[in-house]
Amino acid sequence: MIQPTLSFVNSYKKYLIVFSVLALFSLFFAWIHTTSNEEQEIVFQVSDNIPLGFVMVPIELENHSAVSDLISSHGVVDLYDKSMSIPHKLAEAVRAVRLQTGRFSVLIPEDQVSLFLKSSLLFHAVVQNPNAKGSRILSRRKKRSINVEAGF
């Protein structure tokens, strides 16, 4: 009974070797494919990378379509408040992250959030050089006025 089995193996030896090699290659590539899918499941969370002393503030931009064309994922912007007749620069060289099309979030020092939130959260952004440093939140200047009273 062993004799017919050996003759079968000897007659198809080349085919069995080729089949075994192809089976090993397919198992190897299937293993590589599953490990590469596991690596792709790592999700980047913006909130995990906020430095100490800073907060991310979601904002709305009036010119979001133009800024979206200039900033793919993140950049540096100056923010202007256009609620008055004359635009007022509110923030300078702040880091902006594009969340979705038309939605942005900016990195603001935690101690300056109250100055930032005094105005509306609808801004006009101007894209800065990405190497700009020293983000600042500017306070609104109070208009000085002189009242002259005539005392007759």
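A nonpolar core is a set of buried Ala, Val, Leu, Ile, Met, Phe, Trp, Tyr and Cys residues joined through side-chain atoms within 4.5 Å. Keep that in mind for the second stop. Note too that this is a predicted model.

**Stop 1: the whole chain**

Show the cartoon. The protein has 4 helices and 6 strands. Walk along the sequence and the order reads α-α-β-α-β-β-β-α-β-β. Of its 152 residues, 24% count as buried. Now look at contacts between residues at least 6 apart in sequence: 69% of them join residues at least 24 apart.

**Stop 2: the core**

Select Ile59, Leu61, Leu79, Val94, Val106, Ile108 and Phe116, and show their side chains. The largest nonpolar core has 19 residues, and these are the ones that touch the most other members. Next, color the elements that give two or more residues to this core: β1, β2 (74-81), β3 (88-100), β4 (103-109), α4 (113-117) and β5 (122-127). Which element gives the most to this core? Strand β3 does, with 4 residues.

**Stop 3: Ala93**

Stay on strand β3 and pick Ala93, which is found there. Check its backbone. Phi is positive, about 55 degrees, although Ala93 is not a glycine. Is Ala93 buried or exposed? Its relative accessibility is 7%. Buried means under 20%, so Ala93 counts as buried.

**Stop 4: Asn63**

Move to the loop between β1 (54-61) and α3 (64-70); Asn63 lies in that loop. Asn63 counts as buried because its relative accessibility is 13%, and the cut-off is under 20%. What does Asn63 touch, leaving aside residues up to four places away in sequence? Select Phe123, His124 and Ala125: Asn63 is in contact with these residues.

**Stop 5**

The accessible surface of the protein comes to about 12000 Å². Carbon and sulfur atoms account for 60% of that area. Now select Ile17, Val21, Phe25, Phe28, Phe29, Trp31 and Ile32. Together they make a nonpolar surface patch of about 710 Å². To place one of them on the cartoon, go to Ile17, which sits in helix α2 (residues 13-40).

Definitions and conventions: Residues numbered from 1 in each chain as written. Predicted model: local features only at pLDDT ≥ 70, side-chain atom pairs only at ≥ 80, totals over all residues. Heavy atoms only, no water. Buried < 20%, exposed > 50% of the residue type's maximum accessible area, 1.4 Å probe, protein only. Contact = heavy atoms within 4.5 Å. Areas by Shrake-Rupley, 256 points an atom, 1.4 Å probe, with all protein chains shown as cover. Patch = residues over 30% accessible without salt bridge, like charges linked within 9 Å, V, L, I, M, F, W, Y side chains within 5 Å. Salt bridge = Lys/Arg side-chain N within 4 Å of Asp/Glu carboxyl O.
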